[in-house]
Amino acid sequence: MSASAVHSLWTTAATAADPISKIDTPKIEYGQLSPTLIVVGAAIAGVLVEAFVPRKYRYYAQLILSAVALIVAFVAVVLLATHGYGTTKARIAAMGAIAVDGPALFLQGTILLAALVGLFTFAERRLDPEAHGARVDSFAAQAASVPGSESEQAAVKAGFTTTEVFPLLLFAVAGMLVFPSANDLLTLFIALEVFSLPLYLLCALARRKRLMSQEAAVKYFLLGAFASAFTLFGIALLYGYAGSVSYGTIAQVVDGTLQNVNPALADTMGNDALLLVGAAMIVMGLLFKVGAVPFHMWTPDVYQGAPTPVTGFMAAATKVAAFGALLRLLYVVLPGLRWDWRPVMWGVAIITMLGGAIVAITQTDIKRLLAYSSIAHAGFILAGVIATTPDGVSSVLFYLAAYSFVTIGAFAVVTLVRDAGGEATHLSKWAGLGRRSPLVAAVFAVFLLAFAGIPLTSGFAGKFAVFKAAAEGGAAPLVVVGVISSAIAAFFYIRVIVLMFFSEPRPDGPTVAVPSMLTVTAIAVGVAVTLVLGVAPQYFLDLANQAGVFVR
């Protein structure tokens, strides 16, 4: 039989039995996805800038492009919110892949503002002394060269800078914008990879302490790959359980309300073992991203080794995105499993709060101390997640917004305290800083008091909101543990303040570098948000309340 005859037989048989006459064109709501699309477009433009713009103009081109993109994307989020997409017009867009609702828009706005403030710290070029007549930033002269090699020395001498950090930042932000708004498991996984891979790269790019920076990146990459694998395996199991990766369909199968079951899937659907193991694996991947105990092992090493501007951005924005995704998963997909996941989350929250606070006491490096502090804060935020009430959602949204600006501000201050080897992060070097540079020490003290949750700071308003929601949601014992953890944490924050203001400055102590307006702006925004959300939080609590309803 000839090949053409076989082909005609095959096409005839296919036409006779083919129920799929055509594939529908996907319907994409570009306006509702505009914040993400703007950032992705700018990131791609940033790659083209690296390819075509002469080296001496790249820094300014990238900085202006990134700042404009983040501002325009934030304006797009505000316009969507004012047109009712956070409340009455909340919907599922992009053929079921993306949710446009209150929590998504609130978290996207927070991520974009945090990224803009973080961008200013990335662009800072006044802190290090000039190298061979060229101003330098926190990033390696040439990322591809081996630390200490001749090619690296030649790159430093030529005044090279790694301006690729700006498009990498934008790609990470694009992934973070999709992550909390993903409405199916595959979109969730793709967003996870899109924001994780640029962060792995950014962690390896420190100008000083290159080997430590690369070690941090390798640890983050290997542990992140494990977490991604768990997430992907969990997605496969949930697909086996529900026959769909869509959040809405999985939730209906869990509740037993799904109509029109496909007979081919009816035999395997509803297997509780697949549901429990799959859900546990996905939650595990998300807890890794928020840095909850026992999935926190990467946090101190990565925070310490990464360039400090990257640490600040990552500590703030990753938490916002990951908690947003965790909230949507637990509140939209698995509310029918509440009795199964709440006890586990209780345990995770308790060991995270206590573990982060207790281990932080033993730290001698300021960046590691802030890393364990961020682990304790993940525990406090989990208390709001466990509340499983609308107040729980809004309190978590408020806490994330407050926490992100304090974090970026605190790490921006860390970049200012320097000695001959770069940043002086050992706590002993900070002794007497309040006498040497009262303003810098006072600003850092404000951030530490906010972390400790002292009244009239945003930290107090945030903690009060999540603890109140947890208590009203039936988790009062958790609040008791949270208050005890806060008291333990307050000890090491106040210890640093005492060290700065009541110790004698060392004669060989570090100097405080005079930054440009970029870092000054980042720190000023952090202080302003900390004080405004502490003194008058009601408007922002109301905003979070309005934004606290998920679209299903």
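Trainee: In which helix does Pro 309 lie, and is Pro 309 buried or exposed?

Mentor: The model is predicted, and the values that follow are computed from it. Pro 309 lies in helix 13. With a relative accessible area of 4%, Pro 309 is buried, because buried means under 20%.

Trainee: Which residues are in contact with Pro 309, leaving aside its neighbours within four places in sequence?

Mentor: With those neighbours set aside, Pro 309 is in contact with Thr 121, Phe 122, Ser 138 and Thr 415. Consider Thr 415 in particular: 106 residues separate Pro 309 from Thr 415 in sequence, whereas their C-alpha atoms are 7.7 Å apart in space.

Trainee: How should I read the largest nonpolar core, and how many residues has it?

Mentor: The general idea is that nonpolar side chains tend to be buried together in soluble globular proteins. In this model, the largest nonpolar core has 183 residues. Those with the most contacts inside the core are Val 173, Phe 179, Leu 185, Phe 313 and Phe 444. Helix 13, spanning residues 308–333, gives the most to this core, namely 18 residues.

Trainee: What is in contact with Val 173, beyond its neighbours within four places in sequence?

Mentor: Val 173 is then in contact with Val 39, Leu 70, Ile 111, Leu 112, Ala 115 and Phe 313. Phe 313 is also named among the core residues with the most contacts.

Trainee: Let us turn to charged pairs. How many salt bridges does a search of the whole structure find?

Mentor: The search finds 10 salt bridges. One of them joins Glu 152 and Arg 210, with the closest N and O atoms 2.4 Å apart. Glu 152 lies in helix 5 (residues 150–157) and Arg 210 in helix 8 (residues 210–242), so the pair ties together parts that are 58 residues apart in sequence.

Trainee: Are Glu 152 and Arg 210 buried or exposed?

Mentor: Glu 152 counts as buried at 13% relative accessibility, and Arg 210 is buried with a relative accessible area of 6%.

Trainee: What can be said of the salt bridge between Asp 301 and Arg 368?

Mentor: Their side chains meet at 2.9 Å, N to O. Asp 301 lies in helix 12 (residues 298–305) and Arg 368 in helix 15 (residues 366–386), so this pair ties together parts that are 67 residues apart in sequence. Asp 301 counts as partly exposed at 24% relative accessibility, while Arg 368 counts as buried at 18%.

Trainee: What is the distance, N to O, in the salt bridge of Lys 429 and Asp 419?

Mentor: It is 2.8 Å. Lys 429 is in the loop between strand 4 (422–423) and helix 17 (433–436), and Asp 419 is in strand 3 (residues 417–419), 10 residues apart. Lys 429 counts as partly exposed at 26% relative accessibility, and Asp 419 is partly exposed with a relative accessible area of 27%. Elsewhere, salt bridges that share partners join Glu 215, Lys 219, Asp 301 and Arg 368 into one network.

Trainee: Finally, how much space lies in the largest pocket?

Mentor: Rolling a probe the size of a water molecule over the atoms shows where empty space is left. The largest pocket holds about 590 Å³ of space. Of its 26 lining residues, Phe 74, Leu 105, Phe 106, Gly 109 and Leu 543 are the closest to its centre.

Trainee: Which helix supplies the largest share of that lining, and which classes of residue make up the lining?

Mentor: Helix 4 supplies the largest share, 6 residues. By class, the lining has 17 nonpolar, 8 polar and 1 charged residues.

How values were computed:
Residues numbered from 1 in each chain as written. Predicted model: local features only at pLDDT ≥ 70, side-chain atom pairs only at ≥ 80, totals over all residues. Heavy atoms only, no water. Core = buried A, V, L, I, M, F, W, Y, C linked by side-chain atoms within 4.5 Å. Buried < 20%, exposed > 50% of the residue type's maximum accessible area, 1.4 Å probe, protein only. Helix = DSSP H or I, 4+ residues; strand = E, 2+ residues; numbered from the N terminus. Contact = heavy atoms within 4.5 Å. Salt bridge = Lys/Arg side-chain N within 4 Å of Asp/Glu carboxyl O. 1 Å grid on protein atoms, 1.4 Å probe; cavity = no way out; pocket = protein on both sides within 12 Å on 5 of 7 lines; lining within 4 Å. Points joined across faces, edges and corners; volume = space filled by probe spheres on them. Nonpolar A, V, L, I, M, F, W, Y, C, P; charged D, E, K, R; others polar.
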